[in-house]
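I opened the notebook with the sequence and the coordinates side by side. These entries follow the order in which I looked things up.

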Amino acid sequence: MGTIDASGGNSGYLHTGPSGVLSPVIWRGLSALALLLMAAIHLYLVFDGVGGVLGVLFVLNAIGGVVLAIAMVAAPRRLLLAASVLGLLFMAGTLLALILALTVGLFGITETLSFTLVPTTLVEESIGVVVLAVTTVVALRAQRSAHA
C-alpha cells in the first residue's frame, strides 16, 4: 500500500503503515461516527415516545455519545487513548444494557427485538464496539511508538 502524507513529514496520522492499517485519524472519524449514531438512535427513541426513567436515560446516553464523539475528533494526540477507552466502555456498556434488557431485564425494564430500532441498535453498537476497540489499539500503538 502507498503512503499519503499531507504534512510533508512523518506525522503518523495521515498514512497507512506497511501493514495497510488505517491511520488514527480515520479510526477517530469512524469512532466518532459510531458514537454519534448511537446518540442519534437514543434521541430518536425519546422523540418517538420513550419516556419516564428510560427516556431520561436515553437523553443522557445521547448527550454522552455526542460528548465522546467530540472528544474522539478534538482530543489532542496524547489524550486519544483516554478518549477511545472511554468511548469503548460507553458503547460496550450501552450494548450490554440492551442485551440485558432483551434477556433478563434491567432495572425492571424488559425489551423485545420487535421494538423500534432494537435490531438496528444491536448491529450499530456491535460494530461500534469493534471500531472503538481498533481505535484504542491504534492509539495505544501510536502512544508507545511516540515514547520509544
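Which residues does Thr-121 touch, not counting residues up to four places away in sequence? I noted first that this is a predicted model. I then listed the contacts: Thr-121 touches Ile-41 and Leu-98. Thr-121 itself sits in helix α4. I checked its cover next. Thr-121 counts as buried because its relative accessibility is 6%, and the cut-off for buried is under 20%.

**Entry: the fold**

I stepped back to the whole chain. I counted four helices and zero strands. Read along the sequence, the pattern is α-α-α-α. The protein has 148 residues, and buried ones make up 34% of them. I took contacts between residues at least 6 apart in sequence and found that 63% join residues at least 24 apart. The accessible surface comes to about 8400 Å². Carbon and sulfur atoms account for 74% of that surface.

**Entry: the core**

I looked for the largest nonpolar core and found 14 residues in it. Leu-35, Met-72, Met-91 and Leu-132 have the most contacts inside this core. The elements that give it two or more residues are α1 (24–47), α2 (52–74), α3 (80–103) and α4 (118–147).

**Entry: the nonpolar patch**

Which helix gives the most to the nonpolar patch on the surface? I wrote down the members before answering. They are Leu-43, Phe-47, Val-53, Val-56, Leu-57, Val-59, Leu-60, Ile-63 and Val-67. Together they have about 860 Å² of accessible area. Both α1 and α2 supply at least two residues each. The helix that gives the most is α2, with seven residues.

I checked Leu-60 as one of the patch residues. Leu-60 is found in helix α2. I class Leu-60 as exposed because its relative accessible area is 52%, and exposed begins over 50%.

**Entry: Tyr-44**

I moved to Tyr-44, in helix α1. Is this side chain's residue buried, exposed or partly exposed? Tyr-44 is partly exposed, since its relative accessible area is 43% and that class lies between 20% and 50%. I left aside neighbours within four places in sequence and found Tyr-44 in contact with Thr-116 and Leu-117. Tyr-44 and Thr-116 are 72 residues apart in sequence. Their C-alpha atoms are 9.9 Å apart in space.

**Entry: Leu-96**

Next I looked up Leu-96, which lies in helix α3. Leu-96 has a relative accessible area of 49%, so I logged it as partly exposed. I also took its C-alpha distance to Ser-126, which is 9.9 Å.

**Entry: the record**

Residues 53–74 are 100% helix and 0% strand. The end C-alpha atoms of that span are 31 Å apart. Residues 86–109 are 75% helix and 0% strand. The end C-alpha atoms there lie 25 Å apart.

Notes
Residues are numbered from 1 along each chain as its sequence is written. This is a predicted model: local features need pLDDT of at least 70, side-chain atom pairs count only at pLDDT 80 or more; totals for chains, interfaces and linings use all residues. Side-chain values use heavy atoms; hydrogens and water are left out. A nonpolar core is a set of buried Ala, Val, Leu, Ile, Met, Phe, Trp, Tyr and Cys residues joined through side-chain atoms within 4.5 Å. Buried means under 20% relative accessible area, exposed over 50%, partly exposed in between (1.4 Å probe, protein chains only). Patches are made of residues with over 30% relative accessible area and no salt bridge: like charges are joined within 9 Å, nonpolar side chains (Val, Leu, Ile, Met, Phe, Trp, Tyr) within 5 Å. Accessible areas come from the Shrake-Rupley method with a 1.4 Å probe; for residues, only the protein chains shown count as cover. A salt bridge is a side-chain nitrogen of Lys or Arg within 4 Å of a carboxyl oxygen of Asp or Glu. Contact means heavy atoms within 4.5 Å.
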